[in-house]
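Please examine the sequence and the three-dimensional structure shown below. The paragraphs after them are intended to be read alongside both.

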Amino acid sequence: MILTSTATAWGQNWGIVPFPQKGKTVKHGLTMTVETNWVENSGYRPIWVTVNTSNGMPTKADRVLTVELSGADQWYWRNRQTISAVVELPQGATTVTTEVPAPSTALWYQMDVTTYEDGTQLKDLSTGSAGPVAITDGLYSASESFPATVVIDSDAPNRMQRASWYNEQVKRILDKKGKSPIPDLRVLINETGTSARGSVSALVGGGQTGLEVINTLWSMGRMDVLNPSEMPKQWINLTSVDLAFVSLSDLRGMKANQSEQFAALTEWIRCGGNLLVTDLGTEEKSFSTDRSELAKLLGMPPTSENDDWLDQSPFARRAGVDQLRTRGYYGNNYVGSYVGDDGTFRAGTNPKGPLPPIEIKMRAWQMGLVVAIEGSPFPGDTRQWKDLLDRVGSDRWMWFQRNGLSQLRENQHYWQFMIPGVGQAPVTSFQFLISLFVIVIGPVNYFLLRSAGRLNWIIVTVPVGAAMVTMALVGFALFSDGFGVKLRTRGITLLDQRSGDAVTWSRQAYYAGLAPSSGFTFPRSAAVFEINQLPSDRGQDHVLVVSDDAQHLKRGYFRSRVTHQMLVVQPNKTELKLAITEQGDALVVENLLGVDVSMVVITGKDDKHLYTATDLKAGEKRTLTYSTPKTAGEIRSLLSGFDLQLPIGFDQYAYRASNRSRNQYYYQQIPEESISVSHATSRLERELNESVRSGFPNAPYTYEALVERSAWTPVGVPRFRSEMSVEVIRGKW
């Protein structure tokens with residue numbers, strides 16, 4: 001989504017809308033800007049709302065504004081979404097900036113801005129009669145497959161200063177007083193970029209330093225170069241980023257000078273992000289020594305005796321870039337590229353042959369991945385970047401594969417996660433009741449009326465009886481589903497008891513015969529992604545109210561007699577744990593997880609020895625002795641009872657055929673359209689399969705616990721009835 005007023009030309013003010021708009025006067029002593037610059041992708045994105053005093057003087061009292069951002073797709077009447085947030089300018093301040101998380105549940109085409117103070121609309125800080133703000137490029141940058149990439153560089157200019165900074169740097173280079181302070185991204189962009197504005201190689205080509213990329217970023221919707229100070233302060237706003245690059249020295253500086261942005265970055269990694277750290281081993285320290293420093297800098301747990309840094313991400317899906325290159329997507333027009341000895345960008349194959357592979361090591365950190373790169377990978381060549389992306393794995397850097405869902409295309413797996421029994425016609429009961437009705441209203445009614453000499457009443461008893469039975473059948477169907485909320489969850493929590501870090505991924509399904517008017521409420525720190533069978537049919541007029549500690553998915557999100565599914569990701573700091581103590585050959589276990597445990601498998605110092613417990617109640621303490629691998633394997637059998645499957649009697653292919661005309665999102669081709677969406681590629685399912693179902697023994701000092709739902713899983717409603725819910729807690733102690 002790129003935001004600009006209809007009168008604003010492309011340039012350094014791209015994506016920034018000022019209020020009052022041109023031609024209007026300041027009436028309330030305040031001015032405001034709304035900035036939406038960010039990479040194009042599904043997930044959350046930040047929208048920055050800045051409020052200033054118009055005279056530059058401190059405000060004499062608190063000013064509390066409610067800003068509503070309302071967007072819609074190109075048909076405008078469909079997929080409308082309103083995000084409401086509070087912006088408070090405290091007494092004595094002259095300016096304040098609020099970072100509003102905006103879930104990208106649609107490709108916005110235009111947006112209204114409405115601002116209120118004390119319930120009164122401030123028309124000079126609203127779009128009003130001038131019409132909505134135009135949004136461009138969003139539709140044409142649509143992809144969840146090519147990686148949305150952010151390069152964090154302390155030498156990068158502020159967005160507002162890019163034009164003047166670029167001119168200054170070019171002059172320094174021409175005067176031979178310096179070289180490009182930012183890395184040469186031309187080959188990386190050509191390898192992974194898309195653009196609706198022509199061939200990528202033509203857009204990024206030219207010049208001899210790669211500095212020209214700064215002037216091209218406006219046309220590259222899925223790539224940005226940012227100063228650390230411009231990074232989001234909330235981790236959920238990074239969920240639209242697939243790959244983030246930063247040098248080791250800039251990461252050190254970011255931790256020291258931008259602590260909020262650094263904290264958001266580390267939470268994003270733990271929750272599934274991919275951080276690629278460059279320039280290790282380039283100073284006096286070795287590659288290995290710098291990896292150790294990197295782990296400590298980020299707060300990663302110590303490595304094991306065998307060293308946890310690998311050459312390739314476990315179970316990486318390779319050939320991801322090759323899959324995309326064969327699709328013929330019009331927004332790339334891909335040709336191989338390299339940078340010549342004179343610094344010029346050239347299309348084709350380097351006559352000197354390919355460069356050697358980039359030296360990398362990678363390490364999983366809870367749900368995410370940290371990639372350590374020796375030296376600088378820039379500019380590199382096609383073969384190097386393909387090798388690096390293959391080793392990371394497309395199931396990590398393709399958004400829809402990492403999350404196991406799409407917000408642009410059909411989610412066929414939607415039908416495999418229904419709440420058993422709800423929303424289905426009670427066929428057997430209906431058949432019995434209808435058969436009983438036919439018997440009573442037919443021969444029984446006839447013989448009773450004839451014996452009473454009132455056979456002419458049959459013209460009254462038949463329609464009245466039919467109406468009563470119809471009402472009874474409808475009432476039976478309603479009451480069989482109930483009026484309360486039913487919830488099904490399937491999740492995994494990765495818990496490091498040594499640091500208190502926990503990350504929960506939870507797929508959730510909600511159903512209510514009568515939906516609560518309050519909708520859903522989730523923590524502000526939780527990423528909530530809707531899973532719709534057809535995203536284009538998600539409904540209209542959604543209202544999301546964002547407060548300091550919550551996201552209130554209010555109007556339009558919860559509808560009666562419809563199964564609503566979502567993926568919820570939540571990081572936590574916690575003291576909950578399994579308290580485990582080794583006593584010789586035995587383990588003393590106390591359940592301090594806050595929930596009952598159906599079964600747990602534990603390994604101690606010797607990973608060849610397993611301990612198991614079943615039905616371990618919250619707060620219960622037991623002493624465990626050695627168990628056998630066969631007994632431990634029963635946890636896999638228990639989990640397999642919760643496998644995803646289609647409802648009985650549902651023909652998914654017939655349903656899809658009947659809706660074929662609607663399966664293509666907005667009738668636009670996107671590059672990954674022939675790569676199917678599957679929940680099996682998600683980090684949630686990967687972790688379930690790679691841990692509990694991978695076999696025993698596990699690593700030393702770990703455990704797998706099977707629970708109905710962990711204490712860290714956020715639920716969107718206060719009251720519900722759980723149906724077929726299951727979660728695995730994989731802990732380190």
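The text that follows moves from the chain as a whole to its strands, helices, cores and individual residues.

This is a predicted model, in which local features need pLDDT of at least 70 and side-chain atom pairs count only at pLDDT 80 or more, while totals for chains, interfaces and linings use all residues. Residues are numbered from 1 along each chain as its sequence is written, and side-chain values use heavy atoms, with hydrogens and water left out.

The secondary structure of the protein chain amounts to 17 helices and 34 strands; helices (H or I, at least four residues) and strands (E, at least two) are DSSP runs, numbered from the N terminus. Of the 733 residues in the protein chain, 55% are buried. Here buried means under 20% relative accessible area, exposed means over 50%, and partly exposed lies in between (1.4 Å probe, protein chains only). Among contacts in the protein chain with a separation of 6 or more, 75% link residues 24 or more positions apart, a contact being heavy atoms within 4.5 Å.

An open sheet is formed by four strands in the order β2-β3-β4-β7, with antiparallel pairing. Two strands pair if DSSP finds at least two bridges between them. The edge strands, each pairing on one side only, are β2 (16-19) and β7 (95-103). From one strand to the next the twist averages 20°; axes are lines fitted to C-alpha atoms, for helices over the stretch in contact, and angles run from 0 to 180 degrees between N-to-C directions. Within this sheet, β3 (residues 30-35) and β4 (residues 44-53) are joined in the antiparallel sense by six bridges, and Thr31 stands opposite Asn52 in β4. In the loop between β2 and β3 lies Pro20, which is joined to Phe19 by a cis peptide bond with omega of about 0°.

Six of its six residues are buried, so β32 is largely enclosed by the rest of the structure. In a regular strand the side chains alternate between the two faces of the sheet. On one side of β32 are Thr702, Glu704 and Leu706, on the other Tyr703, Ala705 and Val707, and all are buried. Strand β28 (residues 597-603) runs antiparallel to β32 and is joined to it by five bridges, with Met599 opposite Leu706. Six bridges join β32 to β34 (residues 726-732), again in the antiparallel sense; the bridge partner of Val707 in β34 is Glu727. Met599 is also in contact with Thr631, a residue of helix α14 (residues 629-632). At 29% relative accessibility, Thr631 counts as partly exposed.

Among the helices, α5 (residues 248-257) and α6 (residues 259-270) pack at an angle of about 120°, their axes 6 Å apart. The two helices are therefore oblique to each other: angles under 35 degrees count as roughly parallel, over 145 as roughly antiparallel, 65 to 115 as roughly perpendicular and the rest as oblique. Leu251, Met254, Lys255 and Asn257 of α5 meet Ser259, Gln261, Phe262 and Leu265 of α6.

In soluble globular proteins, nonpolar side chains tend to be buried together. The largest nonpolar core in this model has 102 residues, and those with the most contacts inside it are Leu294, Leu298 and Tyr510. A nonpolar core is a set of buried Ala, Val, Leu, Ile, Met, Phe, Trp, Tyr and Cys residues joined through side-chain atoms within 4.5 Å. Beyond its neighbours within four places in sequence, Leu294 is in contact with residues including Leu248, Leu251, Trp309 and Val370.

Helix α9 (residues 382-392) has eight of its eleven residues buried, so α9 is largely enclosed by the rest of the structure. Trp385, Leu388 and Arg391 are among the buried residues. Gly393, which follows α9, has a positive phi near 100°. In the loop between β18 (368-374) and α9 is Pro379, and the peptide bond from Phe378 to Pro379 is cis.

Most residues other than glycine have a negative phi, and most peptide bonds are trans. Asp118, although not a glycine, has a positive phi of about 55°, and with a relative accessible area of 76% Asp118 is exposed. Gln366 likewise has a positive phi, of about 50°, but at 15% relative accessibility Gln366 counts as buried.
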